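The following note sets out points for a colleague who is reading the model alongside the sequence. Each point takes up one region or one pair of elements.

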Amino acid sequence: MRHVTDSSASSAASASVSSAGLYPAERLELARKAAAEAGLDALLISPGADLRYLTGYHAVPMERLTCLVVPADGEAFLVVPALEKPAALASPVGALGIGVTGFAETDNVYELIAGRLPRDTGRIAVDNHMWAEKLLAFTAALPRVQAVLAGEVLQELRIRKSPAEVTALRRAGAAIDRVHRRIGEWLRPGRTEREVARDIADAIIAAGHTTVDFVIVGSGPNSASPHHEVSDRVIRTGDPVVVDIGGTTEDGYCSDSTRTYAVGEPHPDFRELYDVLQRAQHAQVEAVRPGITAEALDAVGRDIIADAGYGEHFIHRTGHGIGLETHEEPYIVSGSDRPLEPGMAFSIEPGIYLPDRFGARIEDIAVCTADGGERLNLTGRDLVVLPG
Ligand code: ZN
Ligand code: ZN
């Protein structure tokens, strides 16, 4: 689950602090090759996870265009507003040795880029999150060019994490674990979900994230709604509370972990439900290995939950990939016959939700390795009963 409740108010574009090896230069060449193989003449990448992945440049999307251009047959270059050029050059882009062009306020940057593409350009791909106004400006500047999404090409590069990326995800996982270990400091009867969430958000930053991406605190009947964020509901003795939290670390990698707590002894029916869920989640993490398909991994947990009679109450997919974005490929979902491979990182987060009563979810990030699954979240999964 992911809900944005906060985001950093950072400057329009800021230089990334790149850990060694996290943003290697060869990615641009791999992207160029992938574009050529896909029959694309160029990739146009605006600020976001794709730009950061390819160049290490952490630029924030805004009204002025910043765009990495990767021609299938030629040298990549970056076009930025003139006032952003120093920040771009100070970022890992400076070490890539690619051309960086600053455009003036009065330039038509779309015409400028169109003029630098090969004359016979017929098909371009834009990153999936490019703002519509920018895509439409490109299609106006390139009237005879077909524009498609670059996501499919780029996800194939991003889906297998390098050892440096796994290290970054491990660090993010440890940071969010530190927050879960402190939940007892804030979660108690008489406080509202919103008050608890505010304390958690502060702790997410204190634990080593630069942004808080989401905080879900679902207490009592709200725990039965996987899309619940926070409310002014006052937490009561006996409540189960779903706490699903995540943030982004300095180097760009995301955390996401859910634990379900009880504030005082919960209803015996809840304990029964929780035991089933814990068995299912454990079995799914144990089942991670190269070659198992996403849908088979989903079924491992779904079957256990269905056999216990809760099948209709597990109402979402098992998980999502994670990296520079909280939700990315591979999705662990019924209908996906994608086999898992070493380096793929994703959540395993089954849940059981009984409407108007209570629900629970347990979520860990796991990485597929040659030997099986490695958990990146290491806090306990037994039900934690806090003082009620
Ligand atoms: Zn989550
Ligand atoms: Zn998640």
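A crossing of two helices is called right-handed if the near helix is turned clockwise from the far one by less than a right angle, and left-handed if it is turned anticlockwise. The structure discussed here is a predicted model, and the points below should be read accordingly.

1. Helices α1 and α7. The contact involves Arg27, Leu30, Ala31, Ala34 and Ala35 on the α1 side, and Val153, Leu154 and Leu157 on the α7 side. Sorted by class, the residues of this contact comprise seven nonpolar, no polar and one charged. The two axes come within 10 Å and cross at roughly 140°. That angle makes α1 oblique to α7, because an angle must be over 145 degrees to count as roughly antiparallel.

2. The buried side of α7. Which residues of helix α7 (residues 151-158) are buried? They are Gly151, Val153, Leu154, Leu157 and Arg158. These residues cover an arc of only 160° around the axis, which places them on the same side of α7.

3. Helices α10 and α11. The axes of α10 (residues 268-287) and α11 (residues 294-307) come within 8 Å, and their crossing angle is roughly 155°. The two helices are therefore roughly antiparallel to each other. Their crossing is right-handed. From α10, the residues in contact are Val276, Leu277, Arg279, Ala280, Ala283, Gln284 and Ala287; from α11, they are Leu297, Asp298, Val300, Gly301, Ile304 and Ile305. The contact of α10 with α11 contains nine nonpolar, two polar and two charged residues.

4. Helices α5 and α6. Helix α5 (residues 109-116) packs on helix α6 (residues 132-141) at an angle of about 55°, and the axes are 9 Å apart. The pair is therefore oblique, and α5 passes α6 in a right-handed crossing. On α5 the contact is made by Tyr110, Glu111, Ile113 and Ala114, and on α6 by Lys134, Ala137, Phe138 and Ala141. Six nonpolar, no polar and two charged residues make up the contact of α5 with α6.

5. Ala125. This residue is found in strand β5 (residues 123-126). Is Ala125 buried or exposed? With a relative accessibility of 0%, Ala125 counts as buried. When residues up to four places away in sequence are not counted, Ala125 touches Leu40, Ala42, Leu43, Leu44, Val148, Leu149 and Ala150. Ala125 and Arg171 are 46 residues apart in sequence, and their C-alpha atoms are 33 Å apart in space.

6. Phe346 and its contacts. Phe346 lies in strand β12 (residues 345-348) and counts as buried at 0% relative accessibility. Leaving aside neighbours within four places in sequence, the contacts of Phe346 include His320, Gly321, Ile322, Asp364, Ile365, Ala366 and Cys368. Leu297 and Pro330 are also among the residues in contact with Phe346. Between Phe346 and Thr318 the separation is 28 residues in sequence and 9.6 Å in space, C-alpha to C-alpha.

7. Thr211. Thr211 is in strand β7 (residues 209-219). Its relative accessibility is 13%, and Thr211 counts as buried, because the cut-off for a buried residue is under 20%. Thr211 and His313 are 102 residues apart in sequence and 32 Å apart in space, C-alpha to C-alpha.

8. Backbone exceptions. Most residues other than glycine have a negative phi, and most peptide bonds are trans. Two places in the model call for a check against this background. Glu329 and Pro330 are joined by a cis peptide bond, with omega about 0°, and Pro330 lies in strand β11. Asp356, a residue other than glycine, has a positive phi near 65°. Asp356 is in the loop between β13 (351-354) and β14 (358-361) and is exposed, with a relative accessible area of 72%.

Terms used
Residues numbered from 1 in each chain as written. Chains lettered and ligands numbered in written order. Predicted model: local features only at pLDDT ≥ 70, side-chain atom pairs only at ≥ 80, totals over all residues. Heavy atoms only, no water. Buried < 20%, exposed > 50% of the residue type's maximum accessible area, 1.4 Å probe, protein only. Helix = DSSP H or I, 4+ residues; strand = E, 2+ residues; numbered from the N terminus. Arc of directions from axis to C-beta. Axes fitted to C-alpha atoms, helices over the stretch in contact; angles between N-to-C directions. Parallel < 35°, antiparallel > 145°, perpendicular 65-115°, else oblique. Contact = heavy atoms within 4.5 Å. Nonpolar A, V, L, I, M, F, W, Y, C, P; charged D, E, K, R; others polar.
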